[in-house]
Every structure is written in structure tokens, then in C-alpha cells.
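Here are some exercises to work through with the model open beside you. Try each task before you read its solution.

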2 protein chains.
Amino acid sequence: MWTIAGGVTTPLGFSAGGVASGVKRSGRPDLAVLLSDRPAAAAGVFTTNVVRAAPVLLGEEILRRAPEGVRGIVAVSGVANALTGPEGISDNRSLLASAESAFEVPAGSFLPACTGVIGPRLPLDRVVAALPALRGATGATREGAERAAHAILTTDTRSKEAAVRLRLTDGQVVRIGGMAKGSGMIAPRLAPPHATTLAFVATDARISPAALGRILAREADATFNMVSVDGDTSTNDTVYVLANGAAGPTPADDDPNFRAGLRAVLESLARQVARDGEGATKLLTVRVEGARSVADARAAARAVVGSTLVKAALFGADPNVGRIAAALGYSGARLTPDHLSVAITRPRGTVPLIVDGRPAPGLENGGGKRVRDLLRQLDEVPLEIRLNEGRAAAVAWGCDLSYAYVQINAAYRT
Amino acid sequence: MWTIAGGVTTPLGFSAGGVASGVKRSGRPDLAVLLSDRPAAAAGVFTTNVVRAAPVLLGEEILRRAPEGVRGIVAVSGVANALTGPEGISDNRSLLASAESAFEVPAGSFLPACTGVIGPRLPLDRVVAALPALRGATGATREGAERAAHAILTTDTRSKEAAVRLRLTDGQVVRIGGMAKGSGMIAPRLAPPHATTLAFVATDARISPAALGRILAREADATFNMVSVDGDTSTNDTVYVLANGAAGPTPADDDPNFRAGLRAVLESLARQVARDGEGATKLLTVRVEGARSVADARAAARAVVGSTLVKAALFGADPNVGRIAAALGYSGARLTPDHLSVAITRPRGTVPLIVDGRPAPGLENGGGKRVRDLLRQLDEVPLEIRLNEGRAAAVAWGCDLSYAYVQINAAYRT
């Protein structure tokens with residue numbers, strides 16, 4: 001597998017684009033399309049929130065009905081189309097129908113997604129009026145992928161793309177490329193399958209919708225499910241994967257290389273979402289080892305990246321080991337405090353924070369200047385936690401809690 | 001029942017005091033005592049965190065062994081005495097033994113509590129050296145209670161006291177008074193019995209330890225369990241109640257008036273803790289009605305006061321109804337989005353925010369200036385949420401998320 005510069009147009013047969021339709025008052029891009037030149041198998045995972053946006057309800061319905069004939073995704077940023085009742089559903093249906101007509105694809109072959117403020121209805125007239133411009137801005141190029149990746153953002157500070165090229169076990173080369181948005185209202189949920197944030201992945205591999213759905217559920221669980229920015233699970237979270245088979249006839253259904261490739265793309269996007277958490281100045285990567293079960297390892301890793309106090313300490317470059325221990329203690333993971341070890345792991349050497357359940361020497365009273373200076377320098381803080389209870393492991397991604405997070409969310413309107 | 005100005009010395013037979021022993025580098029008071037002039041029945045509830053501080057382990061042990069002969073509580077603020085291993089336990093035993101000797105009470109009759117930074121050991125020499133001064137500063141007076149209430153604080157901006165006088169059903173008058181600390185690392189936990197923060201309650205009623213334990217578990221669950229400041233559950237949370245029977249012989253074991261009095265004191269202290277949440281500018285009170293079960297009502301109320309995004313919106317006086325709906329949606333409470341109603345309830349009238357699952361008129365796009373101005377003015381924001389699914393109700397208390405919270409926690413060392 002090769003990691004390559006690219007995005008949703010890296011796989012054969014996909015084009016993408018994005019324009020500003022006027023949904024966002026700022027005039028920034030807010031309407032994106034991902035388009036396959038032939039019918040694609042599709043799978044999706046959605047938020048487990050009981051309050052679900054119209055595009056989530058509609059997307060699930062379309063995938064249930066016709067998961068083999070999908071031609072693309074139409075995404076709007078700026079409004080969530082949530083808390084909008086039956087009108088929200090019919091607004092989104094109208095948008096899809098107009099888009100299908102503008103892009104000359106069969107009715108019922110586009111999937112919907114929205115992200116933004118909860119409450120307002122879709123400004124349908126503006127969005128529909130922008131569809132010809134969107135078609136004009138759509139291409140099977142890097143530029144098209146970048147335009148689409150920008151048009152799905154809300155409070156994000158940068159676009160998020162990832163791509164890999166890999167060989168299936170029989171030798172055939174396939175490509176997987178994706179884009180994501182997500183900065184706030186991002187939190188893991190326990191019940192799989194599910195997802196946080198918006199992420200769209202395209203591949204030119206050939207695969208059945210059922211196999212794609214199984215692989216997506218499993219890999220989203222180990223990637224997007226392990227990201228937390230603020231503990232709030234959105235009404236709109238959606239991950240779609242479209243597989244159009246343009247690379248050739250080899251089926252990827254049970255191919256371990258394909259699964260590894262999909263995971264690499266999802267993991268890269270998930271990390272980018274955590275790194276761009278609202279107001280974030282640092283990425284926090286927590287690897288838990290030695291748990292009694294994967295569920296325990298995940299719960300422990302999630303508790304640490306989700307802890308408000310750990311996040312605030314990280315912002316202050318404060319090696320506050322007590323907060324890490326406290327978060328592990330309430331995580332629900334089975335652990336023995338005296339067996340606990342925590343360290344910052346770097347290529348140039350490991351810096352212990354907790355050893356056998358006690359603060360590492362020198363850290364009892366807030367730590368030496370050395371550890372603080374290290375935390376201040378690191379753009380990514382890699383924590384390794386050993387529970388020493390079993391053999392299961394998991395990784396979670398989060399970010400620090402800054403003044404900017406409060407500022408962004410004390411008055412967020414796109 | 002009468003609510004009266006007072007604290008832990010309001011009940012007969014109790015004295016209290018506090019001094020600065022030098023645990024806190026700031027020189028602020030950090031050593032407190034609550035003393036009964038006769039043996040008291042005692043009960044306690046403790047954190048459910050698996051990582052438990054030495055005073056929690058020791059306090060549980062003392063209550064198991066001798067819940068009838070308790071003479072008081074010795075509390076240290078500034079260090080948590082957590083992650084301190086077996087030495088932490090023996091340090092705290094030594095402190096209690098020295099204090100029992102200084103106050104001339106039987107060995108094994110004092111309960112311990114600590115709050116502050118996790119990691120450092122108790123500076124035993126300084127604390128023990130301050131015991132004579134503590135005894136000198138202890139009295140059965142308002143002043144004594146106030147000194148004690150100040151000496152248990154950490155990042156709190158004000159002390160927290162409450163007291164009531166009530167008649168048992170047979171007419172005998174008893175008093176209940178309490179004090180609490182708590183500002184950060186405060187969050188409800190699902191498994192009762194448990195507690196958050198430190199709270200010490202004294203009463204001159206006569207009651208068995210078993211009955212006191214049952215009532216405390218139930219009432220702490222409806223009060224301290226429903227407070228959230230930051231979602232982090234501490235290693236040190238402790239609520240103790242001491243009942244010395246000084247008011248007279250009537251047993252309060254099954255007296256509903258006594259239970260109502262204890263609840264009133266705990267509720268007042270819990271509200272004060274939420275109001276003084278680190279960096280808080282507003283108290284948020286969420287009442288959920290019409291849930292299918294009390295567990296559902298509590299889960300829904302807790303999710304809203306615990307939502308980082310709701311808290312940030314509150315700080316910005318932003319009536320962001322979508323975030324409230326999203327929090328209810330991921331709370332785990334059984335609900336139907338279309339049945340949901342949310343309002344700000346005030347004596348001068350109700351301001352609807354969500355009606356039948358839709359934003360109230362005018363709030364779809366962030367609401368009128370009127371609602372924002374109202375939120376800006378309110379020191380306490382009372383939200384009423386109707387699920388319209390059943391008959392159960394619950395109340396939770398929280399606060400907003402401000403720049404000051406981040407500042408306090410990016411570099412907290414007492």
C-alpha cells in the first residue's frame with residue numbers, strides 16, 4: 001500500500017466539485033458533489049443520536065432501497081437540516097431530484113448529507129440555483145477534489161483529504177480516496193455501527209454493498225469512533241463509501257489488503273478531524289495497551305482523549321498525571337491502579353509520566369521544566385498507557401481545550 | 001422546615017474550625033475540622049472512580065468498622081492524597097491519630113477527607129504542626145463553621161453552607177447544617193451510591209447509621225449526583241453525614257420530615273457547587289418532565305447540563321436550541337423528537353425554545369434579540385424540558401463554559 005497525495009478523485013471514474021451557493025452568509029463554498037461515472041456500490045454509517053437530521057433519515061432509506069446503483073453524494077454545509085420535521089425531508093428530496101437532473105443521472109441515485117446549524121430549513125432556491133455552476137466546477141481532477149473538500153467545511157480551519165493505492169491479493173491495483181469535515185460536535189458513541197462527522201470515501205475497487213457495509217462498520221469503529229473533540233454527538237454524522245469497480249473485475253469483498261487500505265484512509269481522515277478540533281493547538285494520540293478486552297481498551301483511550309481536564313492541562317503544557325489517572329479510573333475499563341503506567345512515547349525516547357500507579361519521579365508536584373518544555377514543543381502528544389491487565393489494545397485521537405474553543409462555540413453561526 | 005442562615009455548627013453539639021497549615025503555597029486556609037461533643041452515627045458516599053484517593057479508602061474502612069462512634073472529620077485541601085500508594089494511607093492514618101490526640105477524642109473516631117492536586121504526598125509535618133492552632137480556632141459558632149467552610153476550598157470562589165431547622169413528626173425540633181467544596185473535576189456518575197465533590201453535613205437528630213446510610217444514598221443521588229461542572233469524576237469525592245442525637249431522643253430513622261430536611265441541605269449545597277463551577281458565569285438548572293422513568297429523566301437532564309456545546313452557547317447567551325436537542329438525542333433517554341418541548345421558565349412567564357420538536361418561531365436562525373438579551377441578563381437559566389413520553393421527572397444543575405474555565409485548568413496548582 002502506498003499513501004499518496006490525493007482525495008476523492010484519485011480513484012478512477014470519480015469527479016468532484018464545490019461552489020458557494022449562498023447558504024453561508026460568509027460567501028464561502030457550501031455545496032459539494034462527489035460523482036461516479038458509473039453505478040457504484042455504496043455503504044454508510046450514521047449517528048446513533050435519536051434526534052437525526054433529514055439527510056440521515058433519507059440517506060439510510062436510499063441505501064436500504066438501492067445500494068448498488070449510487071451515482072454520487074450531494075452535500076450542503078452551513079445548515080444541518082435537523083429539527084426541520086417532514087418539510088426537512090421533502091426539502092432534501094427536492095434538492096437531490098434537482099441535482100440528479102442537473103447531473104443527468106437516474107432519479108434516486110444521489111445520497112444526501114448536510115452539516116451546520118441545527119434548526120433552519122434548507123434555503124432550497126439558492127442551492128438549486130447553484131447546481132449548474134456546481135456541475136461546471138466538477139471535474140475528475142485534484143482541483144475538483146479540493147473544491148469539494150473545501151465546500152463541506154464549517155468551523156474547520158483546513159480541508160481533510162487522504163488517498164492510498166494498493167494491490168489486491170491477486171495483484172490488481174485499486175485506489176481509495178476520501179475527504180472529511182469535522183471540527184466541533186464530535187464525539188465517539190458506544191454502539192456500532194455509527195460514525196461521527198462527515199466523511200466520503202471513493203474507491204475504484206469492485207465490491208458488493210453487503211461486504212462494503214461490513215468492512216465500513218468495523219473500520220469506522222476503530223477510527224472515527226475513536227475521535228473526540230467535545231463529547232457532543234451530532235445529529236448529522238455520516239460516513240459514506242462508494243465503490244464503482246472502475247479499476248477492474250477483481251472482487252475486493254474479502255481482500256485483507258482492501259480492508260487495510262480503507263482503514264488507512266479512514267484513520268488519516270479521523271486524525272485530521274481531531275487535529276483540527278475547534279480551537280485545537282495540539283493533537284492528542286492515546287494508545288492503550290494491556291487491556292482485558294478491546295472494549296476496555298477503547299473505553300480507557302476514549303476517556304482520556306475526552307476528559308475536559310486532561311484537554312485543558314494539555315493546552316497549558318501541564319503534565320497533570322492525576323487527571324489522566326482519574327479519567328482512566330472513571331472510564332469503566334477494568335484496571336488495577338497499582339499496575340498503571342503512562343508515558344509520552346517518541347522516536348527519541350520515552351518520557352514516563354506514571355509508573356506502577358505512582359507519578360514518575362519528579363512529577364509529584366507538577367513536574368520538571370523539562371516535561372513542560374517538551375509538551376509545549378510537541379504539536380502531537382503521543383500518550384502510551386499500559387494497563388498491564390491483558391493483551392488488548394486501542395488508539396483514540398483528540399485535541400486540547402483552548403480559549404478559542406470557547407470563543408468559537410459561545411457564538412457559532414456559520 | 002425553615003431554611004436558616006447557618007452551617008455545620010447550627011446543630012447542637014457540633015463545633016468547627018479551619019486554619020492555614022502551609023499545604024497551600026498561597027497561605028490560604030487548608031486544614032479543617034468538624035467536631036461532635038459526643039459520639040455520632042455516621043454515613044458516607046464516595047466516588048465510583050476506580051482510582052481512589054487514600055482518604056476515600058480509609059474513610060470507607062472506618063465507616064465499616066465503627067459507624068456509631070464517630071467524633072468528627074479532618075479535611076485537608078491543597079493535596080488529594082491520591083496516586084500515593086500505601087504511603088498515602090499511612091500518612092492519612094498518622095494525621096488522624098495526631099488529630100485525635102490533639103482534640104482528645106478516642107483513637108479511630110475521626111474520618112478523613114482530602115481535595116487538591118493528585119500526586120503529591122501529604123506534607124505531614126506541616127499539617128500535624130498546625131493541629132494545636134486548629135484546636136484553638138475551633139468553636140461551636142458561626143465563625144467556626146465559616147472558618148471550616150473556607151478551609152476546604154480549592155479553586156472555589158466562595159464557601160458553601162446551608163442549614164435547616166425542622167420538626168420531626170412527633171414535634172421534636174432538630175437541625176441539619178452542612179458545608180461543601182467543589183468547583184472542578186465534578187461530574188455525576190451513574191452507579192449509586194456515590195457522590196461528587198466534598199460535602200460534610202451535621203445534624204443533632206438521633207438516627208441509626210444504617211438508616212442514615214440509606215437516606216444519604218438516596219438523597220445524594222437526587223442532588224450531588226445531578227451536578228456536572230466538567231464531566232470529570234474525581235478520585236476524592238466524599239459526602240459524610242454525622243448525626244449526634246443532641247437534639248433529643250426521638251429517632252429520625254423513618255421520619256419523612258428528616259429526609260426532606262437532609263435533601264434540602266444537600267440540594268442547596270449541590271446548587272452552590274454548580275453555581276461556583278470553575279469559571280462559571282451562570283447557573284444552569286434543567287428540569288426534565290414527562291420521561292418514561294426516573295433513570296430516563298436523569299439521563300436527559302444530565303446530558304444537557306453536561307454538554308460542552310450547550311455550556312459554551314450559554315456563556316455566549318446564544319439560544320442554540322439545536323445543541324439542546326442533540327444532547328437529549330444522545331442522552332440515552334427514550335424520546336420521540338417530535339414530542340419534545342423546551343422552554344425557559346420564569347415567574348414572569350415562559351419563553352419557548354423548542355415546540356413539538358421544532359425551533360420555536362423566530363429561533364430557527366439563532367433567535368431574536370429578545371431571547372439573547374434575556375439569557376444575557378439571567379444569572380440562573382432555568383430550562384424546562386418536556387419529553388411527553390411518561391410521568392417521571394428529574395432536575396440537574398450545571399454551569400456555562402467560559403474562558404476562565406480554560407485558564408484555571410490550563411495551569412492548576414493550588
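Two residues are in contact if their C-beta atoms, placed from the backbone, lie within 7 Å. This is a predicted model, where local features need pLDDT of at least 70 and side-chain atom pairs count only at pLDDT 80 or more, while totals for chains, interfaces and linings use all residues. Residues are numbered from 1 along each chain as its sequence is written, and chains are lettered from A and ligands numbered from 1 in the order in which they are written.

**Exercise 1.** Find out which residues B:L122 touches, and whether B:L122 is buried or exposed.

*Solution.* Start with the place: B:L122 sits in the loop between strand 5 (110-117) and helix 3 (124-129) of chain B. (Helices, H or I with at least four residues, and strands, E with at least two, are DSSP runs numbered from the N terminus.) Next, list the contacts, leaving out residues up to four places away in sequence: B:V76, B:V79, B:N81, B:D91, B:N92, B:L95 and B:V127. Then look at B:G88, which is 34 residues apart from B:L122 along the chain, with 7.3 Å between their C-alpha atoms. Last, count neighbours: a residue is buried if 20 or more other C-beta atoms lie within 10 Å of its own, exposed if 12 or fewer, and partly exposed in between. B:L122 has 26 other C-beta atoms within 10 Å, so B:L122 is buried.

**Exercise 2.** Work out how chain B is related to chain A.

*Solution.* First, superpose the copies by least squares on the C-alpha atoms of residues with pLDDT of at least 70 in both.

**Exercise 3.** Describe the side of chain B that touches chain A.

*Solution.* Begin with the count: 53 residues of chain B are in contact with 53 residues of chain A. Helix 9 (308-315), helix 10 (321-330), strand 13 (358-359) and helix 12 of chain B each give two or more residues to this side. The largest share, 8 residues, comes from helix 10 of chain B. Then compare the two copies: 100% of the interface residues of chain B are also interface residues in chain A, so the copies meet through the same surface.

Now zoom in on helix 12 (residues 403-410) of chain B, where B:Y405, B:V406, B:N409 and B:A410 are buried. Seen down the helix axis, these buried residues fall within an arc of 120° (taken from the directions from the axis to the C-beta atoms), so they line one face of the helix. They pack against helix 9 (308-315) and helix 12 (403-410) of chain A.

**Exercise 4.** Which strands stand at the edges of the open sheet of chain B?

*Solution.* Write down the order of the 6 strands, 13-12-11-14-10-15, with mixed pairing. (Two strands pair if DSSP finds at least two bridges between them.) Strand 13 and strand 15 (392-399) of chain B are the edges; each has a single partner strand, so one side of each is left without a neighbour in the sheet. Elsewhere in the sheet, strand 11 (residues 341-346) and strand 14 (residues 380-386) of chain B pair in the antiparallel sense over 4 bridges. In strand 14, B:I385 is the bridge partner of B:V342.
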